[in-house]
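Please read this note beside the sequence and the model. It is written as numbered points for someone who has not looked at this structure before.

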Amino acid sequence: MNARAVTVSEEYLARLEHGADWREEIEEFCARKGIESAWFNAMGAVQDAEIWFYDQDDQEYQAVTFDEPLEVAACVGNVSLLDGEPFAHTHAVLSRRSGQSLAGHLDSATVFAGEVNLRVFDEPLERAHDDVTDLDLWL
C-alpha cells in the first residue's frame, strides 16, 4: 500500500449550479480557490449522465450514457492535479425512478440540484501514469 498523511486545511459546503456539468463545477471551484488536493462527498439529482466503466483487460473506459432524470444517491471522489489542473475523480451511485441503481466513474452529468462537502488538504496530490493499470493515479 502506498500511503501518506494529509492535513485538512479547509472544508467547504457548496451547492452546484442548476444546468452546469457536475464534475466540471467541482473542478472549476477548485481552480478558482487554488485547491490542489481534496476529498468530497455529494448528493442531489441530475438530468442526464455519462458513466464510465474501466475494462481491466482492455485497459480502456467504456462509456454508458443515460438521457433521463436520475437521483444522485451517493457521490464520492478526490481532487488532484492532472497536467497541472484540478481533476475531480468522481464515482457515483445513481438511481432511476424505478429504484434501479446505476454506478461507476461519473464522467459528466447535467446538474438538476447538487450539494457537495469538500475537504481540502494542505499537501498537493498529483496524478501520474501507472504502467500496471494504464491509469493516472495519485500518490
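1. Basis of the note. The model is predicted, so local features are taken up at pLDDT of at least 70 and side-chain atom pairs at pLDDT 80 or more, while totals for chains, interfaces and linings use all residues. Residues are numbered from 1 along each chain as its sequence is written, and side-chain values use heavy atoms, with hydrogens and water left out.

2. Salt bridges in the whole structure. How many salt bridges does a search of the whole structure find? It finds three, a salt bridge being a side-chain nitrogen of Lys or Arg within 4 Å of a carboxyl oxygen of Asp or Glu. As background, side chains of opposite charge can pair when their charged atoms come close.

3. Glu27 forms a salt bridge with Arg23, with 2.7 Å between the closest N and O atoms. Both residues lie in helix H1 (residues 22-33), four residues apart, which is about one turn of the helix. Helices (H or I, at least four residues) and strands (E, at least two) are DSSP runs, numbered from the N terminus. Glu27 and Arg23 are both buried. Buried means under 20% relative accessible area, exposed means over 50%, and partly exposed is in between (1.4 Å probe, protein chains only).

4. Asp107 counts as buried at 14% relative accessibility, and Arg23 counts as buried at 13%.

5. Glu68 forms a salt bridge with Arg96, the closest N and O atoms being 3.0 Å apart. Glu68 lies in the loop between E3 and E4 and Arg96 in the loop between E5 and E6, so the pair ties together parts that are 28 residues apart in sequence. Glu68 is partly exposed, with a relative accessible area of 24%. Arg96 is also partly exposed, at 23% relative accessibility.

6. Cysteines. The structure holds zero disulfides, a disulfide being a pair of cysteine sulfur atoms within 2.5 Å. Cys30 counts as buried at 0% relative accessibility. Cys75 is buried as well, with a relative accessible area of 3%.

7. Backbone angles. Most residues other than glycine have a negative phi. Asp83 has a positive phi of about 55° although it is not a glycine. Asp83 lies in the loop between strand E4 (70-82) and strand E5 (85-95), and is exposed, with a relative accessible area of 75%. Asp134 likewise has a positive phi, near 65°. The place of Asp134 is the loop between strand E7 (128-130) and strand E8 (135-137), and Asp134 counts as partly exposed at 35% relative accessibility.

8. Surface charge. Which residues form the negative surface patch? The members are Glu36, Asp57, Asp58, Glu60, Asp83, Glu85, Glu126, Asp131, Asp134 and Asp136. Patches are made of residues with over 30% relative accessible area and no salt bridge, with like charges joined within 9 Å and nonpolar side chains (Val, Leu, Ile, Met, Phe, Trp, Tyr) within 5 Å.

9. Two pairs of residues by C-alpha distance. Arg97 lies in the loop between E5 and E6 and counts as exposed at 84% relative accessibility. The C-alpha atoms of Arg97 and Pro69 are separated by 8.0 Å, with the two residues 28 apart along the chain. Phe53 is found in strand E2 (residues 38-55) and is exposed, with a relative accessible area of 57%. The C-alpha atoms of Phe53 and Leu13, which are 40 residues apart along the chain, are separated by 29 Å.

Definitions and conventions:
Areas by Shrake-Rupley, 256 points an atom, 1.4 Å probe, with all protein chains shown as cover. Lys, Arg positive; Asp, Glu negative; His and termini not counted. Charge placed at Lys NZ, Arg CZ, Asp CG, Glu CD.
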